[in-house]
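I opened these entries to record what I looked up in the model, strand pairing to begin with, then the chain contact and the cores.

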Amino acid sequence: MATDDLERRFPALVRSRYEVTSSEDVRYNCIAWAAGDVTRKWWPRRGYYWPKAPDDESLEEFTRAFARLGYEECVGVELEEGFGKVAIYAGPLGPAHMARQLPDGSWTSKCGDWEDISHELRAIEGEAYGQIVRIMRRRQTRGRTY
Amino acid sequence: MADVRKRGAVADIEGTLARLRGVVTARLLRDDRGEIKEVHVLADPGRHPKHISRDIESALFSEFGIRIDHRKISVSQTREAEQAAPAGMKPVGRVKPVGRVEAKFARLADAWRSETAHLSSITQKAIHPAYQRIVGMGLRAVPLILRELQREPNDWFWALEAITGENPIKPEHEGQVVEMANDWLQLGTDRGWI
C-alpha cells in the first residue's frame, strides 16, 4: 500500500505524525494487533478467532473480550506509568477498529490488510473507523503475550 | 528480479499486466515456493490472445526480470472476443472463452478489494455493495471465489457461507486465513466446485 492510499483513506494523517512500521500482512487484523497477536484475525463472528464465544458485534462484546485479557475501562488517553491501553473506534455499524498505545505515548494500528502504523490517536478517526468510543487499560505484566 | 513472495510485488505485477493493451484484469498464482505458477488474464475483444500472451512475457521480463513460459499464461476472453478473433487464427496457450459471469466477478472483486483493503471490520467488508453483488451471483460465484482464495487468502468466507450455507472451518483454524482458505478449498474439491 502506498502512503498516498493511506492518506487518502485517513486524511488527518497528512497533518499529523505517523510512520509505517511493518510490511503488509493479511494474516492478522487490527483487533489481533491491539491484543498483541500476529498469527490470526480476531472478529466476533463465526470462522474468526475471538477469545470467548461471541454474542454479537457490539461495543460491549469488544469490551467483554478485552476484559478477559485483563483490560478495564478507563477515561484518559494519556500515558500512565505501569499501564498499557487500547482504544476502540466505532461507527454506525459498531466497532470498526482498535489501536494500542506504545510506550512513548503514541499509538499503533494495523490498517486492514495494509501495514502497521504508529500514529496520533485521533488521526485515523473518520469515515472508515468512526470515532474513539472507549479506552481500556491493564496493568503491564512482564512476559505476558495477550 | 522482483521477489514475488512479497504481497505488494504481486499486486505491482498484476497492476502492470492490467495496463497492457487489451487486458482487463490479471492474476498470478504462486506455487509453494512463492514463484509464479500461472498467469491468468481476462482480455477485451479486439486482440488475438497470442499477441496478448507475448506482451505479458515481454512485460514480465522487461519490468521485473521474470522469464515465464508462454504455456503458463492463460488468456481468457469474452464471447465477443471469440467472435472478433480473425478467421483462421487459432488461440495459443490455454485459451478459454469466459462469459459475463467471470467478467462480472472480476470487476466486482477488484472493486471490493480496492475499496475495503483498509478496513478491519469483517462486517464492513461484507456489506460492501460489490461483495453483496457477488453473494447475489449465488453458486455461480463459488468456483470463482475459491480460485481467488487459491491465489490469495482474503475475507471471502462470509460470502461462501452465505451462498452455500456451510462452514467447513475447523475450530483450531479460526482466524488463520491460510488454514481457513484451505478448509474451504478442501470442501470445494470434495463437492466438485473446483
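Entry 1, strand pairing. I count two strands as paired if DSSP finds at least two bridges between them. I note at the outset that this is a predicted model.

Entry 2, the turns. I checked the backbone between the strands. The hairpin of β4(A) and β5(A) has 5 residues between its strands, and Gly105(A) there takes a positive phi near 95 degrees. The hairpin of β5(A) and β6(A) has 5 residues between its strands; in its turn, Gly112(A) has a positive phi of about 60 degrees.

How many residues does each chain bring to the contact? I recorded 26 from chain A and 20 from chain B. On the side of chain A that touches chain B, α2 (30–35) and β4 each supply at least two residues. By type, I listed the residues of that side as 12 nonpolar, 5 polar and 9 charged.

I located Glu24(A) in the loop between β1 (19–20) and α2 of chain A. Is Glu24(A) buried or partly exposed? It is partly exposed, because 18 other C-beta atoms lie within 10 Å, whereas a buried residue needs 20 or more. I also took the C-alpha separation from Arg8(A), 16 residues apart along the chain from Glu24(A): 17 Å.

In α7 (residues 142–151) I found Val142(B), Leu144(B), Ile145(B), Leu146(B), Glu148(B) and Leu149(B) buried. Their cover includes α4 (100–116), α8 (157–164) and α9 (177–191) of chain B.

The largest nonpolar core has 38 residues, and Val41(B) and Ile145(B) have the most contacts inside it. Where does this core lie? Domain 1 (7–97) and domain 2 (100–191) of chain B both give residues to it, so I place it between them. Among the residues that Val41(B) touches, I noted Leu17(B), Val23(B), Ile52(B), Ile56(B) and Val75(B). Apart from this core lies another, of 37 residues, including Phe66(A), Ile88(A), Tyr129(A) and Met136(A).

Terms used:
Residues numbered from 1 in each chain as written. Chains lettered and ligands numbered in written order. Predicted model: local features only at pLDDT ≥ 70, side-chain atom pairs only at ≥ 80, totals over all residues. Helix = DSSP H or I, 4+ residues; strand = E, 2+ residues; numbered from the N terminus. Contact = placed C-beta atoms within 7 Å. Nonpolar A, V, L, I, M, F, W, Y, C, P; charged D, E, K, R; others polar. Buried ≥ 20, exposed ≤ 12 C-beta atoms within 10 Å, placed from the backbone. Core = buried A, V, L, I, M, F, W, Y, C linked by C-beta atoms within 7 Å. Domains from an automatic or database assignment. Lists of a residue's contacts leave out its neighbours within four places in sequence.
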